[in-house]
Amino acid sequence: MITFPNAKINLGLNIVEKRPDGYHNLETVFYPVPLEDALEINVLNESNEKFRLYQAGLEIEGEIENNLVVKAYKLLDEKFNLPPVDIHLFKHIPSGAGLGGGSSDAAYMLKLLNEKFNLELTDETLEEYAAKLGADCAFFIRNTPTYAEGIGNLFSPISLSLKGYQIVLVKPDIFVSTRDAFAQIKPHRQNIPLKEVIKHPIEEWKELMVNDFEESVFPKFPAIKEIKDKLYQEGAIYAAMTGSGSSVFGLFKPEDKKTAEKDFGEKAFVYRGILK
Ligand SMILES: C[C@@](CO)(OP(=O)(O)O)[C@H](O)COP(=O)(O)OP(=O)(O)OC[C@H]1O[C@@H](n2ccc(N)nc2=O)[C@H](O)[C@@H]1O
Ligand SMILES: Nc1ncnc2c1ncn2[C@@H]1O[C@H](COP(=O)(O)OP(=O)(O)O)[C@@H](O)[C@H]1O
């Protein structure tokens, strides 16, 4: 059985306050992007091992035991004593890029195991399991446009469709530490809360919608800001960094014929697609 975990972008990201536990409360909107990994499981017959993970595509740093698809398997295995499985993961979404690829793999693994082994878990229960694996992980269970607050884990659905809009996503060969990005931010509330901004026409987002991380990340890595500038030069209707970086996306009108033909550098990962 095979499934295709997709990426997400953040439409606006405001860090509103620092919490006593050192984490930050934020406000953001998650929107799914059809840039996909591939994830397959097959039952491993007569095996002493509970799972085997085969990886292809982009490299994922860290031990196999720390791979989020393995963590997702173990989480459900503790409860349901699952049969042993072969896991094949083809990695296409860049990691540590603000695209949520690891979280998506984890959420899709939960959905895949639920279906394959008829566990009959509801979306609500799957979201509870997903939340144990990462703050934004539960978003990928329903995978629909979502307003998130708290530490990025309290969700409410929003009515927003960017169906047909073209997206150009650029991930330069730059690593931004999420921890450092948070540490350099002075939390504050925006004049117009994101929940209101998102209701404005997309043409107005350029003036109203902010990713607070840009303020600390752009001065340190001017090359990331240059990508955003290039996307606007090419006619993006809205462009911004996603998450804590380093990916930047540009949204283009459905009828726009010339979507970002600029050169983003030899080592940059570039994806062009159409939003659903
Ligand atoms: C900011 C977002 C928005 O989508 O960025 P992306 O991961 O998508 O880039 C996420 O909430 C990122 O969450 P996540 O990627 O899970 O962060 P983690 O690895 O758990 O946290 C790394 C570090 O960031 C800080 N951190 C994280 C989340 C949060 N709400 N407040 C924080 O202060 C903490 O110092 C933590 O140790
Ligand atoms: N299946 C996976 N895919 C990607 N990263 C994973 C996976 N499992 C664990 N990780 C770890 O999670 C970290 C964050 O990855 P990811 O969720 O893709 O990025 P981001 O938090 O920027 O959206 C990576 O640095 C990687 O070490």
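Strands β2 and β3 and helix α5 each supply at least two residues of the shell around ligand 1. Here helices (H or I, at least four residues) and strands (E, at least two) are DSSP runs, numbered from the N terminus. This is a predicted model, in which local features need pLDDT of at least 70, side-chain atom pairs count only at pLDDT 80 or more, and totals for chains, interfaces and linings use all residues. Residues are numbered from 1 along each chain as its sequence is written, while chains are lettered from A and ligands numbered from 1 in the order in which they are written.

**Ligand 1**

- Around ligand 1 there are 18 residues, and the closest are His-24, Gly-98, Ile-151, Gly-152 and Gly-243; a residue is near a molecule if its C-beta atom, placed from the backbone, lies within 6 Å of it.
- By class, this shell holds six nonpolar, 10 polar and two charged residues. Ala, Val, Leu, Ile, Met, Phe, Trp, Tyr, Cys and Pro count as nonpolar, Asp, Glu, Lys and Arg as charged, and the others, Gly among them, as polar.
- Ligand 1 lies between domain 1 (2–157) and domain 2 (166–274), because both give residues to its shell.

**Ligand 2**

- Ligand 2 also has 18 residues around it, and Leu-68, Ser-95, Gly-101, Gly-102 and Asp-105 come nearest.
- The elements giving two or more residues to this shell are α1 (68–80) and α2 (101–116), with α2 providing the largest share, four residues.
- The shell around ligand 2 divides into five nonpolar, 11 polar and two charged residues.

**The annotated binding site**

- An unreviewed UniProt entry lists a "binding site" that includes Pro-94, Ser-95, Leu-99 and Gly-101. UniProt positions are given in the numbering used here, feature names are shortened, and annotations may be inferred rather than shown by experiment.
- Pro-94 is found in the loop between β6 (85–91) and α2, and counts as partly exposed because it has 19 C-beta neighbours inside 10 Å.
- Leu-99 lies in the loop between β6 and α2, and is buried, with 26 other C-beta atoms within 10 Å. The cut-offs are 20 or more other C-beta atoms within 10 Å for buried, 12 or fewer for exposed, and partly exposed in between, with C-beta atoms placed from the backbone.
- Not counting residues up to four places away in sequence, Pro-94 touches Leu-58, Leu-99, Gly-101, Lys-171 and Phe-269; two residues are in contact if their C-beta atoms, placed from the backbone, lie within 7 Å.
- With the sequence neighbours up to four places away again left out, Leu-99 touches Ala-7, Lys-8, Ile-93, Pro-94, Thr-242 and Ser-247.

**The two domains**

- The C-alpha centres of domain 1 and domain 2 lie 23 Å apart, with domain bounds that come from an automatic or database domain assignment.
- Their contact takes 23 residues from domain 1 and 30 residues from domain 2.
- On the side of domain 1 that touches domain 2, β2 (6–18) and β3 (24–36) each supply at least two residues, and β2 gives the most, with 10 residues.
- That side of domain 1 has 13 nonpolar, seven polar and three charged residues.

**Helix α8**

- The buried residues of α8 (residues 213–220) are Phe-213, Ser-216 and Val-217.
- Seen down the axis of α8, these buried residues fall within an arc of 90 degrees, so they line one face of the helix; the arc is that of the directions from the helix axis to the C-beta atoms.
- Their cover includes β2, α5 (178–183), α9 (222–233) and β10 (238–241).
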